[in-house]
Number of protein chains: 2
Amino acid sequence: MKMAVVGTGVIGNGWIARMLAQGHDVVATDPAEGAEERMREAVDHAWPYVNALGLAEGASKERLTFKKELSEAVKDADFIQENVPEIEELKKTVLKDIDQHSRSDAIIGSSTSGIMPSELQANLQHPERFVVAHPFHPVYILPLVEIVPGKQTSAENVEKAISIYEGMQMSVLHVRHEIEGHIADRLIEAIWRESLHIVNEGIATTEEVDKAFTHGAGLRYAQYGPFLTFHLAGGEGGMRHMLKQFGPALKKPWTKLKAPELTDELYDKVVSGCEHQSNGMTMSELDQNRNEFLIRLYDLVQEYWPKESEKTSEKRSV
Amino acid sequence: MKMAVVGTGVIGNGWIARMLAQGHDVVATDPAEGAEERMREAVDHAWPYVNALGLAEGASKERLTFKKELSEAVKDADFIQENVPEIEELKKTVLKDIDQHSRSDAIIGSSTSGIMPSELQANLQHPERFVVAHPFHPVYILPLVEIVPGKQTSAENVEKAISIYEGMQMSVLHVRHEIEGHIADRLIEAIWRESLHIVNEGIATTEEVDKAFTHGAGLRYAQYGPFLTFHLAGGEGGMRHMLKQFGPALKKPWTKLKAPELTDELYDKVVSGCEHQSNGMTMSELDQNRNEFLIRLYDLVQEYWPKESEKTSEKRSV
């Protein structure tokens, strides 16, 4: 496939490395001074890692070209990924340019972290081929991409977009309802804001907040998300028991974030959701699966955790 | 060491398995019908895993005894861990009993998820030997324990408590300021509440929320916490650049959680915190360390992620 990348910052360059590794031709464009050189350095930097993950047949850094003009970069592309800075007006202007200069059937994906697709596609001549396709840093390693269609995106093009990203060895999460921040960034922002509050109030240092996460819950979240994790913490009764035991904690000031009311409807959605997604695995199988994973992960991560800084150790003396 | 465990639910039993594995004598107590049998089953269940992590010399399940009476269980202990349900009045009553029947120099740790130590120690005769010691499920595998002294805890006993938990091969986070939910549960609660809002509003299913985390950010958080992760996402400029680029997003509705004002003081705390905790590693070394870890983790976790359920795949058709 002929792919085009508009905007070659950290995310754009991450996409380029992934696309090249999957055996595609890539044309990139960015108006910044020195962008081409930085892009080539970024691809060189990523190459040993994409190589370790496995290159597709014919994959080569030689299949990357850079064009000064956006119109030149996108004109022959089957698929275009936009990654300009997260400023709504700028994204709209650039997307309009892409829309105008590309083939009308080329799929356009935007890496926006939080802007809704219906906003971004509103002024395009061919809005039906536009989706949000939000990746995670480093894009050339992490598999997740959130695909969010806007009101004007056609069902056919959503399917086409999903195939393209799956073809790049990505794990597609089709987000069925538009919302600011999509899904993943809402969770990341919640952690981030709570962390900032803790540091802001002088409760702990950034290093202590990080350790509170990486040596405990952060290990669990590589495998099971917030729901299955709590499902497992409920013992044999699973989420059904968990919500009974920890439901009342939702009223407590354990975060700055206000909780929703735990209605019967929400209770049912969460319990049946967890039972459904267990996908036939018993509590005991889920538990065994988690334990075996955690032991291997713990062994692995000890090689890679940063050393604790001197000052933090000193602080231990009260 | 002679250790006592009061309350043998999921967390209490997790502590018992860890203590036995580290070669200690353990006496446990719990008033519930059938508690001893469930406890022994839980220890049997945990044993292959603690065995895989490595047993201390002399470690044996034979060194576990169960007493009906709390007073009998705690009377000779050097160290006592309390794990009764998260109800403040109940915890206070049980802690008073422990205080009364134990040696006055025995360290008492409470597994409370969110109650502040000064509250829990207020009515003890020997409050100076009390700390919150909050672990993470499964306690026999995850290394983190948050140690939070109350107003009346002596500095000497904080050091003693830290040594005891470090002696159990745990990674101690000394929380220097009391706050509801300590540190880790504030982060976990923020994710949990945001997840509940998303499901409550019909944006996504529990499975979709979990996938949004486990296939992206959840992988990163096993190694680097929220601060170092964003430090790395800022490229060469690190957190300094990141806060400039994404600081304005704090005003956006990307989560239900309101953000603090990004003052110069907070900016400095976060930037210098990240630079400090990098502990001499350059951006490029941090980056390489993360990439090598992620590639090995990705390889590992693919064996252990639950399969996606049928229904979710069907939902993909718009």
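Here are some friendly notes on this predicted model, going from the overall layout down to single residues.

1. Let us start with the division of the chain. Chain A splits into domain 1, covering 2-174, and domain 2, covering 184-311. Taken over C-alpha atoms, the centres of domain 1 and domain 2 of chain A are separated by 32 Å. UniProt, in an unreviewed entry, places the feature "domain: 3-hydroxyacyl-CoA dehydrogenase C-terminal" at residues 181-252 of chain A. That stretch of chain A, residues 181-252, is 68% helix and 0% strand, with its end C-alpha atoms 26 Å apart.

2. Next, the sheet. In chain A, eight strands make an open sheet with mixed pairing, and their order is 3-2-1-4-5-6-7-8. The edges are taken by strand 3 (64-67) and strand 8 (171-174) of chain A; each has a single partner strand, so one side of each has no neighbour in the sheet. On average, and with direction ignored, neighbouring strands of this sheet are turned by 25° against each other.

3. A helix to look at alongside the sheet is helix 4 (residues 88-101) of chain A, which packs on the sheet and touches strand 1 (2-6), strand 4 (79-82), strand 5 and strand 6 of chain A. The direction of helix 4 makes about 165° with that of strand 4 of chain A. Two of the strands touched, strand 5 (residues 107-110) and strand 6 (residues 130-135) of chain A, pair in the parallel sense over three bridges. Within this pair, A:Ile108 stands opposite A:Phe130 in strand 6 of chain A.

4. Strand 7 (residues 144-149) and strand 8 of chain A pair in the parallel sense over four bridges, and A:Leu144 stands opposite A:Ser171 in strand 8 of chain A. In a regular strand, side chains alternate between the two faces of the sheet. Strand 8 of chain A has A:Ser171 and A:Leu173 pointing one way and A:Val172 and A:His174 the other way, and all are buried.

5. Now the binding-site annotation. An unreviewed UniProt entry gives "binding site" for A:Gly7, A:Thr8, A:Gly9, A:Val10, A:Ile11 and A:Gly12. A:Gly7 sits in the loop between strand 1 and helix 1 (10-21) of chain A, while A:Gly12 belongs to helix 1 of chain A. Both are buried: A:Gly7 has 6% relative accessibility, and A:Gly12 has a relative accessible area of 0%. Not counting residues up to four places away in sequence, A:Gly7 touches A:Gly12, A:Thr29, A:Asp30, A:Asn83 and A:Val84. With neighbours within four places left aside, A:Gly12 is in contact with A:Val5, A:Gly7 and A:Asn83.

6. A:Glu86 is another loop residue worth a look, lying between strand 4 and helix 4 of chain A. Its relative accessibility of 16% counts as buried. Leaving aside neighbours within four places in sequence, the contacts of A:Glu86 include A:Lys91, A:Thr112 and A:Ser113 in chain A, and also B:Lys252 and B:Trp254 in chain B. A:Glu86 and A:Arg186 are 100 residues apart in sequence, and their C-alpha atoms are 16 Å apart in space.

7. A:Gly216, in helix 8 (residues 206-220) of chain A, is buried at 0% relative accessibility. Beyond residues up to four places away in sequence, A:Gly216 touches B:Phe136, B:Leu142 and B:Leu144. In helix 9 (residues 226-233) of chain A, eight of the eight residues are buried, so this helix is largely enclosed by the rest of the structure. Among them are A:Phe227, A:Phe230 and A:His231. Just after helix 9 of chain A, A:Gly235 takes a positive phi of about 65°.

8. How are the two copies related?

Notes:
Residues numbered from 1 in each chain as written. Chains lettered and ligands numbered in written order. Predicted model: local features only at pLDDT ≥ 70, side-chain atom pairs only at ≥ 80, totals over all residues. Heavy atoms only, no water. UniProt positions renumbered as here; feature names shortened; annotations may be inferred. Pairing = 2+ DSSP bridges. Axes fitted to C-alpha atoms, helices over the stretch in contact; angles between N-to-C directions. Contact = heavy atoms within 4.5 Å. Buried < 20%, exposed > 50% of the residue type's maximum accessible area, 1.4 Å probe, protein only. Domains from an automatic or database assignment.
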